[in-house]
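Welcome, and please open your viewer.

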2 protein chains.
Amino acid sequence: MARHFGAVPGVGEGATFVNRQELRDAGVHLPTQAGISGSAVEGADSIVLSGGYEDDHDEGVVIVYTGEGGRDPVTGRQVKHQQLVRGNLALAVSHRDGLPVRVARKLKRGGYEYAGLYRVDDHWRELGRSGFRIWRFRLVKLESAQPGQGPERKPTLIQRIVRDTAAARAVKAMYDHRCQVCGERLETAAGAYAEAAHIRPLGAPHHGPDTADNLLCLCPNHHVLFDFGAFGIGDDLQLLGLPGHLQVHPQHHLNPAHLEYHRSRYLHWK
Amino acid sequence: MARHFGAVPGVGEGATFVNRQELRDAGVHLPTQAGISGSAVEGADSIVLSGGYEDDHDEGVVIVYTGEGGRDPVTGRQVKHQQLVRGNLALAVSHRDGLPVRVARKLKRGGYEYAGLYRVDDHWRELGRSGFRIWRFRLVKLESAQPGQGPERKPTLIQRIVRDTAAARAVKAMYDHRCQVCGERLETAAGAYAEAAHIRPLGAPHHGPDTADNLLCLCPNHHVLFDFGAFGIGDDLQLLGLPGHLQVHPQHHLNPAHLEYHRSRYLHWK
């Protein structure tokens, strides 16, 4: 079964669980031991704040979470450097791709609480209090729906921050994270970085779909230029406003209506 | 006096004003006639929603605002195409630079209300109901401080969305929006686009300052690569992880302590 990112239907913020097994059964956090659920390919889908790391900070809206590894299993003390592998790399991938991470928090009175969805906002390494290198991840809470503020609130803010849907991930994988305009592939320690750009924008009043036929794999520079109408794409995939033509994978079928929508509203002719 | 962007001290959301002169006296919106306050160089600092345009949508959190120009001064009807000039261009510049825009709304019962800070999220042209071309701007409300959610809430979310402070604008102007790494300058109809990158990050736990000695002018691609530690900068301004050296203006004095902070925490050595 594919790893599930985002909220679990039926589990609201503040829901409590007696133990790790209940967190697992509810689908909030599947591993019963590890603090980070995820893989280096897909990213991390959930973490548990257990209060066990000497360097964690949990201020509710902003969490600084210490990565895993290098602890003595008996004393729980940091005895080795942490590496950017396994769960730590999964969280770095979630940062790269803007994935939502479910956060559960161990309660002082016992049990666990679902704290909501966060995005990984930053990651870095430093020397912990023990003198060993640790990886740290800054997580910022995503806007939750708030009664009385209108249905637009949640999707509008979240969709810009959490960029990576299944369709976006599929399109980026199809191009191996290479820009369809310039062929650039941005290499980071968390893997290659690319952006999925909507041709007809999401949200009111455009209501473009979040589907592969409305998505391009672009480097950040060409994403900005596309969104600001510095170039467009003809039905023959010729670039308009830039030399050359769009690189398109044989399995990637762009919808000409979306290309025309972008040209007519965004493209600035010289 | 420099144009003031952002909140006006002492004017809270929901504050009401009898007329346009009162809005002006309070510093919310200076022009007494024009709906858009701003310039093509600095961007737009405020708008008034007067309900006068046939194509405006105002849903509170998301506003689709129609640009200015092309209306018959007597009938108020659209009789010509709108151009991306003056106030319209100012709003496009606010989009490019992520500037906060004060929004005031004309009330049906008379008078005006300060609706808060918005960012321009998108701009495009289309044919209005009149058959003439209009420019449209999508504005999304910025998070306002909400009691009980902690002091981190406001700065954290706003600082990522509203990128452009006075220091950031000064650094981008110093380099004429050229990337200090590759020399790239992204040209759009709203002017050149660049990003101001903090060397030592803002916010907890890094607490880097928002000052020129901690800022670089980068293209979006090199901004991503820098934030993910794919390259760093030596004290001699040699790039580490990329060939070449950083272009630095003689008046731009980078703080070596910030460069070292970035190298020690973010730079991934091969």
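Contact here means heavy atoms within 4.5 Å. Select on that basis and you will find 53 residues from chain B and 51 residues from chain A in the contact. Before going further, note that this is a predicted model, in which local features need pLDDT of at least 70 and side-chain atom pairs count only at pLDDT 80 or more, while totals for chains, interfaces and linings use all residues. Residues are numbered from 1 along each chain as its sequence is written, chains are lettered from A in the order in which they are written, and side-chain values use heavy atoms, with hydrogens and water left out.

Next, colour the interface by buried area (the accessible area, 1.4 Å probe, that two parts lose on being put together, summed over both). Between chain B and chain A this is about 4400 Å², with 56% from carbon and sulfur atoms. Now pick Arg125(B), Asn221(B) and Phe228(B): they supply 16% of the area that chain B buries against chain A, more than any other three residues.

Which side chain of chain A meets Arg265(B) in a salt bridge? Show Glu126(A): the pair lies at 2.9 Å, N to O. The rule asks for a side-chain nitrogen of Lys or Arg within 4 Å of a carboxyl oxygen of Asp or Glu, and it counts two salt bridges between chain B and chain A.

For the next stop, select β7 (112-127) of chain B; strands are DSSP runs (E, at least two residues), numbered from the N terminus. β7(B) gives the most to the side of chain B that touches chain A, with seven residues.

Note on methods:
Helices (H or I, at least four residues) and strands (E, at least two) are DSSP runs, numbered from the N terminus.
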